[in-house]
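Welcome, and thanks for taking a look at this one.

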Amino acid sequence: MNLLPYLTAVPHRGNIGVCRLSDLTMTDRARADANFLCEGAQSVAVVLFPYLVRDRAPRNLSLYACGADYHRVIAGALRPVCETLAHDFPSYRFLPLADASPIPEVQAAWISGAGTLGKNGLIFDPVYGSYVFIGTILTDAPADPTPSDRAVCPDCGACRRACPSGALQNGCVDLTRCLSDLTQSKQPLTPEQEDALRRHPLVWGCDHCSEVCPLNRGVPETSNPAFREMRMTALSLADVDGLTRREFLSRYPDRAFTWRGPKPLIRNLKLHGE
């Protein structure tokens with residue numbers, strides 16, 4: 001079964017690809033979860049979604065978090081494709097997924113040939129660089145895998161040198177040092193981790209490794225209005241302090257920075273003295 005004609009119809013997309021589920025490195029638990037979502041799952045279709053918007057507004061949020069919540073954007077873009085596929089192939093199931101899934105998305109994008117694997121753990125679209133989100137479609141259909149040379153970045157070392165916390169070592173990402181991960185952590189932080197966040201210019205996410213990467217030089221902005229309009233580039237302590245989780249979600253609907261609730265952001269803003 002050739003899924004590519006269906007994937008090419010996705011609006012505002014980057015590169016696409018298809019791989020076999022069996023080709024992905026997954027724990028037994030992850031495979032069981034994938035089978036629970038889609039019994040007999042065999043294939044994963046990958047669609048990359050560019051999100052970069054360059055603006056000059058003051059910013060303490062990562063570029064990916066300034067636009068609409070990508071989980072909803074991706075689901076909204078892939079759901080019609082899944083419905084069309086289900087209509088054309090009623091014997092099979094097609095499930096759209098974005099981030100919150102058992103699929104190792106970066107590896108799926110790499111093995112499917114949708115992108116190049118970076119030393120910073122990100123996938124690089126051939127046009128839009130690493131400024132992309134990964135959407136997947138899990139299916140029990142025996143889809144044709146797309147050719148892939150499993151390209152990796154040339155390891156120029158720019159991302160490793162730019163990482164202020166030394167999280168990028170030997171081709172791996174140390175999540176105990178990764179500033180993006182630390183800004184989102186709900187666990188108690190060590191004094192060293194707090195100091196790293198205090199010196200970090202963002203209170204949510206991190207763009208250091210992407211901003212210095214030669215593969216991202218001159219990449220175009222996204223055409224997706226969901227990421228271009230109604231942008232929010234910064235938060236202050238007054239914007240979030242004292243809010244319950246429900247109030248926080250109500251005040252900032254459809255935003256990617258809300259999934260952990262207000263506590264990590266309040267902590268980070270206080271570390272910044274804002």
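## A helix wrapped by its neighbours

Helix α12 is largely enclosed by the rest of the structure, because seven of its nine residues are buried. Buried here means under 20% relative accessible area, exposed means over 50%, and partly exposed lies in between (1.4 Å probe, protein chains only). The helix and strand names come from DSSP runs (H or I of at least four residues for helices, E of at least two for strands), numbered from the N terminus. The buried residues of α12 are P264, L265, I266, R267, N268, L269 and L271. Their cover includes α6 (179-184), α7, α10 (237-240) and α11 (245-251), where contact means heavy atoms within 4.5 Å. Just after α12, G273 adopts a positive phi of about 70°.

A word on the model itself: it is predicted, so local features need pLDDT of at least 70 and side-chain atom pairs count only at pLDDT 80 or more, while totals for chains, interfaces and linings use all residues. Residues are numbered from 1 along each chain as its sequence is written, and side-chain values use heavy atoms, with hydrogens and water left out.

## Where α7 crosses α12

How do the axes of α7 and α12 cross, and at roughly what angle? Helix α7 (residues 191-199) and helix α12 (residues 263-271) have axes that come within 8 Å and cross at roughly 75°. That makes α7 roughly perpendicular to α12. For these labels, angles under 35 degrees count as roughly parallel, over 145 as roughly antiparallel, 65 to 115 as roughly perpendicular, and the rest as oblique. The axes are lines fitted to C-alpha atoms, for helices over the stretch in contact, with angles running from 0 to 180 degrees between N-to-C directions.

On the α7 side, E194, L197 and R198 meet R267, N268 and L271 of α12. By type, the residues of this contact divide into two nonpolar, one polar and three charged. In this scheme Ala, Val, Leu, Ile, Met, Phe, Trp, Tyr, Cys and Pro are nonpolar, Asp, Glu, Lys and Arg are charged, and the others, Gly among them, are polar.

Leaving aside residues up to four places away in sequence, L202 touches R59, N60, L61, S62, T183, D207 and H272. By contrast, L202 and L95 are 107 residues apart in sequence and 34 Å apart in space, C-alpha to C-alpha.

## A four-stranded open sheet

Four strands form an open sheet in the order β1-β2-β6-β3, with antiparallel pairing. Its edge strands are β1 (16-20) and β3 (94-97), each pairing on one side only. On average, neighbouring strands of this sheet are turned by 25° against each other, direction ignored. Two strands are said to pair if DSSP finds at least two bridges between them.

Strand β2 (residues 43-50) pairs with β1 in the antiparallel sense over five bridges, and G17 stands opposite V46 in β2. With strand β6 (residues 132-139), β2 pairs in the antiparallel sense over eight bridges; there, I134 is the bridge partner of L48. Is β2 covered or open? It is mostly covered, with eight of its eight residues buried. S43, A45, V47 and F49 point one way, and V44, V46, L48 and P50 point the other way.

## Cysteines without disulfides

A search of the whole structure finds zero disulfides, a disulfide being a pair of cysteine sulfur atoms within 2.5 Å. The sulfur of C163 is 6.7 Å from the closest cysteine sulfur, in C206, which is too far for a bond. C209 is also in no disulfide, and the nearest cysteine sulfur, that of C159, is 6.2 Å away. Both cysteines count as buried: C163 at 17% relative accessibility and C209 at 18%.

## Two aspartates with positive phi

D99 has a phi near 70°, a positive value in a residue other than glycine. D99 is found in the loop between β3 and α4 (105-111) and is partly exposed, with a relative accessible area of 36%.

D155 likewise has a positive phi, near 60°. This aspartate is in the loop between β6 and α5 (158-162) and counts as partly exposed at 37% relative accessibility.
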